[in-house]
Amino acid sequence: MKPNTQQLNDLATQVRRDILRMVHAVNSGHPGGSLGCTEFMVALYQAIMDRKEGFDMDGLNEDIFILSNGHISPVFYSVLARSGYFPVSELATFRLLNSRLQGHPTTHEGLPGVRIASGSLGQGMSVALGAAQTKKLNGDNHLVYTLHGDGELQEGQNWEAIMYASAYKVDNLIATIDVNGKQIDGPTDEVLPMGSLSAKFIAFGWDVVEIQLGNNIDAIIAGMLDAKAKTGQGRPVAVLLHTEMGNGVDYMMHTHAWHGKAPNDDQLAKALEQNTITLGDY
Amino acid sequence: MTKYTNTGSKDTRSGFGAGLTELGQTNENVVALCADLIGSLKMDDFKKNHPERFFQVGIAEANMIGMAAGMTLGGKIPFTGTFANFSTGRVYDQIRQSVAYSDKNVKICASHAGLTLGEDGATHQILEDVGLMKMLPGMTVINTCDYAQTKAATIAIAEHHGPVYLRFGRPVVPNFTAELEFVIGKAILLNEGTDVTIVATGHLVWEALVAAEALEAKGISAEVINIHTIKPLDDEAILKSVGKTGCVVTAEEHNILGGLGESVARVLSLNHPAPQEYVAVNDSFGESGTPEQLMEKYGLNSAAIIAAAKKAISRKK
């Protein structure tokens, strides 16, 4: 049985605690985008994707997920662990020597749940296209989901992939863009304005679903179900997920300052006070 | 001197095409991707026979490499095809992260490598690709010497799990290895000799045989080894030969920096230091010209190998 909204929100709070404690412990990592995508990742793994028990690299006969903006590894690791892919206690090894939880996700250390390395931006869309084409060759009707940063769309490879996806009717792919309007050097509209992402995807032949409340579990689930309903109709589907970077920690919101910066002891304590519900910290 | 017969000159890229065609019939997991160079890569037959397993990606090599990496999820064995320049330098980060670091079973098949691409000039004549690829952990690097070897290598890499860079070319060259066994990572001893070892790869292998014959006529006994797999290198074969001859010439259609010669030098310096001469491009770009003109101007032919062999022998203590 799938969890209800309250259960998902509680889990999201726990994931936020994990993210904050992980980046604090090693004084590095990317909390901003991780917190902004927490509700999405929780909803995706707990309520949207059709997943098998356990993990195998091929992902036959199940939905698979490709994280393209690998720097939000804290949220990915926390959600993977709390979805049963590896022990929650292993979150304590994030970014440490000899850990499977590298700074950016990789298959290299054999961490269950990860199917491709990411970190150098702009590569996940192509990987997802390939996985989606293989699913079609294998007669596997399951879907490929991806997540990308909005700033990441400045990488040209995305547009090669976006062009290919519609031209060859890759309609078993749902690519979600984390539209938080921020990147390392500032607002995306100042660093490199991208205009209307919706208009761009539509012009490239995609179906577009907008989720305006990208940090609201119910809105995310409704939007993703809408996206799912649009698959299999000859067009790839883009989800524009409007999020708040740093969501759930007041001083991390409405700024790009916490893109790649960890909280200190006092800041961590303050952040955890704002996220008190715990299912059991690692 | 062991004699090899040219059974009819062909281009190595046609060996790739023939190998891919055979794989299409024998291995249903093999899929092929091409970036708008189907004819140049000789992928026409595979496309015709297996349209559902052929993916035309357009002039978008980065996407092609990423797609190939993704296609391995679910058990496919992707073969990508484009020119060597666009197979390596243009997509280095995609290969590094999505293929090599991710340990994906992708076969990067690269034609028109080196100077013998000819008239198109330096923009297309990559001489750095072996170096780029061999530096990637886990990458197997193969540079074939004729049609038969390229066909054999194409078939062999489908059975090898892991990323592979397969390098071949455009010119028509003697075809002489059909009877020789091809094993990834295993050097081929083409001619036994005692005075100097010539280690050659790619289009320089036939030139090495021509050189050895000329040297023999002058009373110099040259051992000729074909290294098709530059990584992992057959250290044992090189050490055994140079242990006997005491000096070596490496010959390749590549920059002297980063190529086979440096790999051989590493093995020798660690185990058995010996005089080594390099037949390679001396850290420069190429230019337009016929393949023959270019190979002569840049010193990549039998005459250059003969001169290098004499020099290597003269340096022996």
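**Reading helices, sheets, domains and the contact**

Analyst: Let us begin with a helix: in H6 of chain A (residues 157-167), the buried residues are A:Gln157, A:Asn158, A:Glu160, A:Ala161, A:Ile162, A:Tyr164 and A:Ala165. This is a predicted model, in which local features need pLDDT of at least 70 and side-chain atom pairs count only at pLDDT 80 or more, while totals for chains, interfaces and linings use all residues. Residues are numbered from 1 along each chain as its sequence is written, and chains are lettered from A and ligands numbered from 1 in the order in which they are written.

User: How are "buried" and "helix" defined?

Analyst: A residue is buried if 20 or more other C-beta atoms lie within 10 Å of its own, exposed if 12 or fewer, and partly exposed in between, with C-beta atoms placed from the backbone. Helices (H or I, at least four residues) and strands (E, at least two) are DSSP runs, numbered from the N terminus.

User: Against which elements do the buried residues of H6(A) pack?

Analyst: An α-helix has 3.6 residues a turn, so residues three or four places apart point the same way. The buried residues of H6(A) pack against helix H5 (124-137) and strand E3 (173-179) of chain A, together with H4 of chain B. Contact here requires that the C-beta atoms of two residues, placed from the backbone, lie within 7 Å. After H6(A) comes A:Lys169, with a positive phi near 55°.

User: How many residues does each chain bring to the contact between them?

Analyst: Chain B gives 23 residues and chain A gives 29. On the chain B side, H4 and helix H6 (92-101) each supply at least two residues. The largest share of that side, eight residues, comes from H4(B). By type, the chain B side has 10 nonpolar, nine polar and four charged residues. In this division Ala, Val, Leu, Ile, Met, Phe, Trp, Tyr, Cys and Pro count as nonpolar, Asp, Glu, Lys and Arg as charged, and the others, Gly among them, as polar.

User: What is the strand order of the open sheet in chain A?

Analyst: Two strands pair if DSSP finds at least two bridges between them. The five strands of the chain A sheet follow the order E1-E2-E3-E7-E6, with parallel pairing. Strand E1 (64-67) and strand E6 (207-211) of chain A stand at the edges with a single partner strand each, so one side of each lacks a neighbour in the sheet. The twist averages 20° from one strand to the next. Six bridges join E3(A) to the parallel strand E7 (237-242) of chain A, where A:Ile177 stands opposite A:Leu240. H5(A) packs on this sheet, touching E1, strand E2 (144-149) and E3 of chain A, and its direction makes about 175° with that of E2(A). For such angles, axes are lines fitted to C-alpha atoms, for helices over the stretch in contact, and angles run from 0 to 180 degrees between N-to-C directions.

User: Which way do the residues of strand E5 of chain B point?

Analyst: In a regular strand the side chains alternate between the two faces of the sheet. B:Lys107, B:Cys109 and B:Ser111 point one way from E5(B), B:Ile108 and B:Ala110 point the other way, and all are buried. Strand E4 (77-83) of chain B pairs with E5(B) in the parallel sense over five bridges, and B:Phe83 has B:Ser111 as its bridge partner. E5(B) also pairs in the parallel sense with strand E7 (164-167) of chain B, over four bridges; there B:Ile108 stands opposite B:Tyr165.

User: How is chain B divided into domains?

Analyst: Domain bounds come from an automatic or database domain assignment. Chain B is divided into domain 1 (10-173) and domain 2 (188-314). Their centres, taken over C-alpha atoms, are separated by 25 Å. In the contact between them, 25 residues of domain 1 meet 31 residues of domain 2. The largest share of the domain 1 side, four residues, comes from E6(B).
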